[in-house]
Amino acid sequence: MGGEFRYQIGQNAYIKFVLHALKHKTSAVNGVLLGRLSGADTNPVVEITDSVPLFHSQIGLLPPLEIALIQIEEYYGAQGLNIVGYYHANERFDDFELGNVAKNVGDHIYRYFPQAAVLLLDNKKLGALPNGKDRSPVIQVILIWDRTPKTMFSYTLPFLHAKATKLYTREMSKSWKVVGSDGSSQLTIKEPSANIVLLDYISSEKWQDIIDFDDHLDDISKDWLNPELFK
Amino acid sequence: MVSKTEEAQVNRLENQVDNGGGGAWEYLCLVRTLKLRRSDKVLKHGLSILNDPKKRSSLGPDEWTLYEQVAIAAMDCQCLDVAKDCIKVLQKRFPDSKRVGKLEAMLLEAKGSWVEAEKAYTSLLEDNPLDQVIHKRRSAMAKAQGNTSGAIEWLNKYLEIFMADHDAWRELAEIYVSLQMYKQAAFCYEELILSQPTTPLYHLAYADVLYTLGGLENLQTAKKYYASTIDLTGGKNTRALLGICLCTFSIGELTKGRNKEGKESSDLQCLAAAALEKDYKQRAPTKLALLNSTLKSLKLSS
């Protein structure tokens with residue numbers, strides 16, 4: 001179940017997420033996580049190798065999300081990577097809840113990748129980053145808790161992949177549970193010095209360079225793959 | 001709401017000032033007129049003027065407007081000491097001013113002293129019940145405390161009085177979308193389209209909300225509004241063009257087996273696809289292949 005897997009996030013994926021949140025300090029942001037499941041049955045690890053920043057405005061709307069998911073799956077599928085999770089940063093500093101929109105997207109990804117994780121930015125930890133020597137990621141990991149939905153009702157959505165029917169659990173608030181915050185090793189960053197690199201980027205205001213899917217849709221010459229970001 | 005040219009102008013000025021090329025005052029004025037939220041820059045460049053006595057005196061009476069602008073920016077950046085100092089200066093110059101009183105209340109809000117801030121706003125409203133800014137602060141405070149339903153309530157009350165405030169309608173619509181209350185969001189956009197029918201942003205947002213709501217009728221209406229967005233933007237809006245493709249596909253899915261809409265709809269989709277391909281070829285050639293496969297997966301409906 002949810003507690004069996006470990007999650008390892010690569011530095012680039014991690015930094016993109018945080019920079020995205022820092023670029024849009026006054027709104028919620030979200031994105032998808034790409035990677036693969038590796039390790040034998042004895043030691044399964046979900047490797048998060050990349051992330052794609054999605055939106056910073058009107059996150060609850062479907063059309064841009066559908067387009068983004070089609071393109072992301074196409075591009076990364078060709079490299080043998082799947083969408084393995086979703087990240088979200090809330091609008092308010094002290095909001096540690098996962099909102100309904102985030103849960104819905106998480107549910108959708110879970111249907112295609114049962115080990116999907118939702119990563120929620122921990123604003124307090126991010127704020128404290130310059131002070132400490134913390135090497136753990138500034139993220140709360142939220143995993144699907146209850147795999148078998150207890151009660152279901154159907155809700156019609158012309159969601160491309162779901163082809164007109166989507167099932168929700170009635171007790172949505174119980175289906176995603178926070179795991180691995182504060183010291184647990186559920187989520188680790190692959191490169192141990194990632195937070196130092198992150199702090200460096202923060203002080204050089206690197207977040208200005210990050211492009212998300214919203215930016216791309218507003219100006220298609222902007223590349224949501226961010227190929228030049230870490231060069 | 002800003003046009004592309006206005007945004008380009010502000011960004012150009014911002015770059016110039018950031019790199020030491022001067023023009024800080026023009027930048028600050030432009031940000032103020034366009035009502036942009038660039039608090040970290042405003043704070044930095046505003047303070048550089050205010051802390052320099054020569055620059056400050058050259059502003060003349062505009063000095064006080066700058067103090068006000070920097071105070072608000074400081075509160076947004078949680079630099080409450082700077083904000084307090086600016087407000088003190090203004091208090092000395094304009095004792096018993098309601099405008100300064102507003103800033104004091106905002107400072108309480110920034111500190112998180114919600115109860116005191118609420119009291120301050122209420123008393124300010126007694127003297128000036130038609131102050132739009134203060135009314136909106138109440139909704140902002142509710143939102144800041146995580147009380148989204150309270151924020152909605154305050155905004156609705158506000159809009160009953162000030163129904164021509166487009167920014168408020170937009171804010172309300174966005175709050176509804178974030179709570180997945182799409183029907184209510186649609187209502188807000190309908191109001192906006194009624195009052196400003198030539199603003200493409202509202203048509204586009206309305207179409208997006210209708211598509212998200214789903215159902216055949218909503219999809220068909222969404223398609224119409226994507227089309228009107230394309231009309232109003234001279235075919236340049238990528239989101240609307242993609243919206244047409246999504247709508248046509250989804251409508252096709254829902255009407256499989258029934259009588260098709262006829263050639264008219266697939267013509268529109270073809271035109272939209274062609275326009276997208278042309279644009280991507282020119283401005284985003286690396287993404288052209290991805291676009292084409294996206295369009296292919298959307299055309300595979302019939």
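1. Buried means under 20% relative accessible area, exposed over 50%, and partly exposed in between (1.4 Å probe, protein chains only). At 14%, B:E63 counts as buried. Its salt-bridge partner is B:R56, with the closest N and O atoms 3.5 Å apart. B:R56 counts as partly exposed at 25%.

2. Some ground rules. This is a predicted model: local features need pLDDT of at least 70, side-chain atom pairs count only at pLDDT 80 or more, and totals for chains, interfaces and linings use all residues. Side-chain values use heavy atoms, without hydrogens or water, and residues are numbered from 1 along each chain.

3. A salt bridge here is a side-chain nitrogen of Lys or Arg within 4 Å of a carboxyl oxygen of Asp or Glu. The whole structure has 25 of them over all chains.

4. Within chain A, A:K23 pairs with A:D215 at 3.7 Å between the closest N and O atoms. A:K23 lies in helix α1 (residues 11–23) and A:D215 in helix α7 (residues 213–218), so the bridge ties together parts 192 residues apart in sequence. Helices are DSSP runs (H or I, at least four residues), numbered from the N terminus. A:D215 is buried at 11%; A:K23 is partly exposed at 27%.

5. B:R239 is buried at 16%, whereas A:D218 is partly exposed at 43%.

6. A salt-bridge network links A:E91, B:K143 and B:E171.

Note on methods:
Chains are lettered from A and ligands numbered from 1 in the order in which they are written. Helices (H or I, at least four residues) and strands (E, at least two) are DSSP runs, numbered from the N terminus.
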